[in-house]
Amino acid sequence: MGALPVFRWRLAPDGYATRRQLRARGLRPGGQVVAAQLERPRRRRGPLVAYLYRIEDAKPVRPMTPAKWAALAKANAARRTCPECGRDAGYVIPTSLGTCTTCAYPDESAA
């Protein structure tokens, strides 16, 4: 395998897309290798690099199964549950606090 073709920012030919662009079209790389790369020059640092995949080799995104939906709901519920008081906080508990704001700042809630 030779070196990857490198294109400048916004100058990639049709038929190539980044992972995000594929996802917006309902596609995924599907196991294909990186076909090319984009480089966006920056001052005083190395260029930003984005990998490109061939659109014709991309596969459709796999649909979510009921089991995947259930696992995702369970994981999100765990992120909202306070380990201190055990209640659903109604928001994702910040990792910087580790607990809900009521448990993290008990003096301020009593006022």
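These legends accompany several close-up views of one predicted model.

Some ground rules first: residues are numbered from 1 along each chain as its sequence is written, and side-chain values use heavy atoms, with hydrogens and water left out. Because the model is predicted, local features need pLDDT of at least 70 and side-chain atom pairs count only at pLDDT 80 or more, while totals for chains, interfaces and linings use all residues.

View 1. The pLDDT (the predictor's confidence in each residue, from 0 to 100) averages 92 over the chain, and 95% of the residues score at least 70.

View 2. For Cys82, the nearest cysteine sulfur is that of Cys100, 3.7 Å away. The sulfur of Cys100 has its closest cysteine sulfur in Cys103, at 3.5 Å, which is too far for a bond. Cys82 is buried at 2% relative accessible area, and Cys100 is also buried, at 4%; buried means under 20%, exposed over 50%, and partly exposed in between (1.4 Å probe, protein chains only).

**View 3. The salt bridge between Asp88 and Arg80.** The structure holds 1 salt bridge (a side-chain nitrogen of Lys or Arg within 4 Å of a carboxyl oxygen of Asp or Glu). Here the N to O distance is 3.2 Å. Asp88 is partly exposed at 47% relative accessibility, as is Arg80 at 27%.

Conventions
Disulfide = S-S within 2.5 Å.
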